[in-house]
Amino acid sequence: MNIFKRILSFKINEQKQFFRCFCSSDNTLETIKSNQFQWPKDYNNVPLEPNVTNFSTISPALNPTFNLAAYVNESYSLQQLVKLGVEIYKFDNNPNVMEMILKLDFERDMKPYIRFIHDCGVPVEELGKFLTKNPMIFSEHMDDLITRINYLEYKKFNKEMISTIIRKHPKWLSQSTVDIDTSLGFFQTNFFLSGDNIRSVVTKLPKLITWPKKSVNLIMFSLIEEMGFNKSERKRLLQIHPKLFVMSKNHLLQRFNYIHHTMDINHDRIVLEPQVLTSRLFRIKQRHEYLQYLNRAQYDPTKPNYVPLSKLVSGDDSEFCINLAKTSVEMFNTYLKTSQ
């Protein structure tokens, strides 16, 4: 049964919670900015159960692929989300999110959460992005959200760190404190991290803490058993570039093998510039082989014409050619065509 049929099966009073017929000309985003996130007084006079459009006026030609955009003109709540910059079309493939959103009243059910998110350090201009990534925040109990923020404060994350964490990874607030605490303990134990170490890693890549531990364990195994990094090097890799631990194990191993065995880069150098492991293999190969062709593939910092691994894979082709290859990008493109 699709969402629309489910709505029609509800009682009239329940249906009133789904759609609100009036529209507001206020620009919600500008109102928030100009009033320091104090909502217009007019909103306080909005009835909880305003008149709604009769369902017979809604187009009967609804496609089986139901989407929220079809109801923006009928739903005050959806209008306000759109004004905040929420990309509601991204919810169309998630019936649970759509059903939840349609049940919510903006004043009563959404505004307290938006205030809370803003108070936690999410700027007004990023509220839409946050809610797009984690619309299920509206289904969380407010006391649980407060507890999760209090937990981070207890663990000595300052306000700036907390703001960074939830802005980078909005779904963090939907994780229980028990799960977060267990995950932090996992990384501290396996990588011998201090409190400052773990706070730094979490702030750099918050989603690592909620990443499946099975995947992290595969990376850890590969780094030690297949790539030969010792425990100290593994810890350093995590601290400098935690993104390595949310990669595909196979992709990581392929890149390491090429860099270590073909380019003859030792472990020490890779640990100092682990960003090279997150670059696509074809990019590494093309640029390394072109430098070889020019006799410029020199990765030893103690010798002239040293090429840092981080610069090898950063920037566009034009920057690579000017700064490292010392040729034109046209010559590089010609080389790529003739070397295939």
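**Note on the salt bridges**

1. The side chains of D181 and K155 meet in a salt bridge, with 3.8 Å from N to O, the term standing for a side-chain nitrogen of Lys or Arg within 4 Å of a carboxyl oxygen of Asp or Glu. Because D181 lies in helix α11 (residues 177-191) and K155 in the loop between α9 (142-154) and α10 (159-168), the pair ties together parts that are 26 residues apart in sequence; helices here are DSSP runs of H or I with at least four residues, numbered from the N terminus.

2. This is a predicted model, in which local features need pLDDT of at least 70 and side-chain atom pairs count only at pLDDT 80 or more, while totals for chains, interfaces and linings use all residues. Residues are numbered from 1 along each chain as its sequence is written, and side-chain values use heavy atoms, with hydrogens and water left out.

3. As to accessibility, D181 is partly exposed at a relative accessible area of 36%, and K155 is partly exposed at 29%. Buried means under 20% relative accessible area, exposed means over 50%, and partly exposed lies in between, with a 1.4 Å probe and protein chains only.

4. A salt bridge also joins the side chains of E87 and K90, at 3.3 Å from N to O. E87 has 31% relative accessibility and therefore counts as partly exposed, and K90, with 47%, counts as partly exposed.

5. E273 and R269 form a salt bridge whose closest N and O atoms are 3.8 Å apart, and here E273 and R269 are both buried.

6. For the structure as a whole, the number of salt bridges is 11, and the pairs described above are among them.

Technical notes
Helix = DSSP H or I, 4+ residues; strand = E, 2+ residues; numbered from the N terminus.
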